[in-house]
Amino acid sequence: MNQKSQAIKVNQKALEPQLLAPELVDLPMPVALEGMAVVEVAAAAINPSDVKAAMGMMPYAIWPRTPGRDYAGTVVAGPKEWLGKGVWGTGGDLGITRDGTHARYLSLPVEALVARPDHIPAASAATAGVPFITAYEGLRRSGLTGAGQTILVCGSNGKVGQAAIQLATRAGARVIGVERAGQAYSGHANSKVETLDGNSEDLALQVMSMTDGKGVDIAFNTVGSPYFEACLQSLALGGTQIVISTPNRNVPFDIQAFYRRDLRMIGVDSLKLSASACAEVLRTLLPGFTDGSLKTFPVDESGLIPLEGARQAYLQVLAGSAQRLVLTP
């Protein structure tokens, strides 16, 4: 086999971290069939969902497969108008129901191709997909309009939290971030981000005080159960809580308070969006990435990992590494 056709393969479900055993294998280079293109992957981020999928935690996943959702690379086969162009993207089907991005080559429908702005390095571009798609979908469905709205973001320094803050401040909304120990917001934003200590027992009261008793229009809860009740109590009449993940599946829930305050709750699972659907979202956001009002996430050189280091990198992500790790096939 050609050495350049290497890919990570997970061949069986593993229920414990120590059993996580991705293999580096040689595969034939994909062929660009009608309506398809082949991308040579330059960089592919490792998301927590990628590792969970490799551990058998996605019941609808197809085995064996190559993990990975986010990527940046160059089109090497397919329609001539795309040949040699830099592209980037993500997909909920990638690494789940079809081979993903942790490989030298990736086969994609042509409609999933999105041109990558020249000023964005491949490694940084490869970190944008899952966070920005998830943040965009949550804010779109919750009715973000911008000026006059206040958005609460729990887990503000996480990647989805940072993406949500970028999108909200770009739209002109006021943003209040929540971080453990009251850490300041460390990401890009288009206006000042106020921050609160997530360890405070009176978090909702503080939010109400900051909003003159009105509450926030949207609470983007990237953490889940630890902030669930505080987010509900922080909402204005008619407000919406967005939930994308949680350590505990069951939480106390006052249904009467919920309907009397005309609240809404939205769950966002970006795995439901195919690579082609994600491409539509990325094209919508492209003007922001082009003019710099939206920024991808920086990647330290130490965060660039060859395919041979995938297993250790997966375990680091599983352990909650704050460093952004990117495979470089």
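This briefing describes a pocket, some backbone features and one glycine in the structure above. The model is predicted: local features need pLDDT of at least 70, side-chain atom pairs count only at pLDDT 80 or more, and totals for chains, interfaces and linings use all residues. Residues are numbered from 1 along each chain as its sequence is written, and side-chain values use heavy atoms, with hydrogens and water left out.

**The largest pocket**

- The largest pocket has a volume of about 1600 Å³. On a 1 Å grid over the protein atoms alone, a pocket is an open set of points where a 1.4 Å probe fits, with protein on both sides within 12 Å along at least five of seven lines. Points are joined across faces, edges and corners, and the volume is the space filled by probe spheres set on them.
- Its lining consists of 42 residues, where a lining residue has an atom within 4 Å of a point. Nearest the centre of the pocket lie Pro48, Lys52, Thr222, Ile244 and Ser245.
- At least two lining residues come from each of α1 (48-54), α3 (129-142), α4 (159-171), β8 (174-179) and α9 (310-318). Helices (H or I, at least four residues) and strands (E, at least two) are DSSP runs, numbered from the N terminus.
- The helix α1 gives the largest share of the lining, 4 residues.
- By class, the lining has 20 nonpolar, 15 polar and 7 charged residues. Ala, Val, Leu, Ile, Met, Phe, Trp, Tyr, Cys and Pro count as nonpolar, Asp, Glu, Lys and Arg as charged, and the others, Gly among them, as polar.

**Backbone features in loops**

- A cis peptide bond, with omega near -15 degrees, leads from Trp63 to Pro64. Pro64 belongs to the loop between α1 and β4 (71-77).
- Ala181 has a phi near 65 degrees, a positive value in a residue other than glycine. This residue lies in the loop between β8 and β9 (193-197). Ala181 is exposed, at a relative accessible area of 56% (buried means under 20%, exposed over 50%, partly exposed in between, with a 1.4 Å probe and protein chains only).
- Asp262 also has a positive phi, near 60 degrees, and sits in the loop between α7 (255-260) and β12 (264-267). Asp262 is exposed, with 54% relative accessibility.

**Gly238 and its contacts**

- Gly238 is part of strand β11 (residues 235-243) and is partly exposed, at 35% relative accessibility.
- Leaving aside residues up to four places away in sequence, Gly238 touches Arg261, Asp262 and Leu263; contact means heavy atoms within 4.5 Å.
- Gly238 and Ser276 are 38 residues apart in sequence and 33 Å apart in space, C-alpha to C-alpha.
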